Amino acid sequence: MAKFWNFVLFQAGWFACIIGAANQRVFWPVLVTLAYLGIHIWRSPSPKNQLSLVLKVFLYGLGADTLLLHLGVVRFYDTWPSIYLSPLWMWTLWALVGSTINGSLAWLKGKPLLGGVLGAICGPVSYGAGIQMGAGTWGSGNQTWQFVAVGLIWGLAIPLFLSWEESANRKFLAQNT
């Protein structure tokens, strides 16, 4: 049941942040999503490991989306805190993805190739949906290239996140046995 609620709350956070960005009102969606993440981490069997995973995913996302921004692949609306970085609401979404690795995406553990394929497909679809809802735009140029760029980032991301979780889990089990 926890995985079901993780999926539902991930979707709710995603929609709230996207709609907030589209309307230039991200404060409450980000705040509520961060509150959920805090509760998720606190209730985790290993809060320290879960926090570490969420922070690593957040940093990966910050770098990845900032790269996409500077390559002209995507433009985000509501650019706070800086026009030179991806926006805070996107950081929150990446952290939210981190919460799914031990939750609704736990079924991908041990299946990095499948995770990569799904990431390469679902990442661009998610960005496209956010853009259609008004949270940003694709950059000028070839949209196929833009989908491929986002797909590469997400195709690498999911297996990497699964690997980080697996490594942390091995350490946690070694320390507690």
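What is the relative accessible area of Q24?

A: Q24 has a relative accessible area of 48%, so the residue is classed as partly exposed (buried is under 20%, exposed is over 50%, and partly exposed lies in between, with a 1.4 Å probe and protein chains only). The model is a predicted one, in which local features need pLDDT of at least 70, side-chain atom pairs count only at pLDDT 80 or more, and totals for chains, interfaces and linings use all residues. Residues are numbered from 1 along each chain as its sequence is written, and side-chain values use heavy atoms, with hydrogens and water left out.

Q24 sits in the loop between α1 and α2, where elements are DSSP runs numbered from the N terminus, helices being H or I with at least four residues and strands E with at least two.

D78 belongs to the loop between β1 and α4, and with 14% relative accessibility D78 counts as buried, whereas Q24 is partly exposed. The loop between β1 and α4 also holds P81, and the peptide bond that joins W80 to P81 is cis, with omega about 20°.

On confidence, the average pLDDT (the predictor's confidence in each residue, from 0 to 100) is 94 for the protein, and 97% of the residues score at least 70. By element, the highest mean pLDDT is that of α5, at 98, and the lowest is that of α6, at 90.

Turning to the open space, the largest pocket has a volume of about 680 Å³. Of its 32 lining residues, those closest to the centre are F10, V97, C122, S126 and W154. A pocket here is an open set of points on a 1 Å grid over the protein atoms alone, where a 1.4 Å probe fits and protein lies on both sides within 12 Å along at least five of seven lines, and lining residues have an atom within 4 Å of a point. Grid points are joined across faces, edges and corners, and the volume is the space filled by probe spheres set on them. The elements that each give at least two residues to this lining are α1 (2–22), β1 (74–76), α4 (88–100), α5 (112–132) and α6 (143–175), and α5 supplies the largest share, with ten residues.

V97, one of the residues closest to the centre of the largest pocket, is placed in helix α4 and is buried, with a relative accessible area of 8%. Leaving aside residues up to four places away in sequence, V97 is in contact with F10, V57, W154 and F161 (contact means heavy atoms within 4.5 Å). F10 and W154 are also among the residues closest to the centre of that pocket. M133 lies 36 residues from V97 along the chain, and their C-alpha atoms are separated by 19 Å.

Helix α5 also contains I131, which is buried at a relative accessible area of 14%. I131 touches V74, G136, T137 and W138, again not counting residues up to four places away in sequence, while W89, 42 residues from I131 in sequence, is 14 Å away from C-alpha to C-alpha.

The elements giving two or more residues to the lining are α1, α2 (27–43), α3 (47–70) and α6, with α1 giving the most, five residues.

Finally, the structure holds zero disulfides, a disulfide being a pair of cysteine sulfur atoms within 2.5 Å. C17 is in no disulfide, and the nearest cysteine sulfur to its own, that of C122, is 19 Å away; C122 is likewise in no disulfide, with the sulfur of C17 as its nearest at 19 Å. At 0% relative accessibility C17 counts as buried, whereas C122, at 45%, counts as partly exposed.
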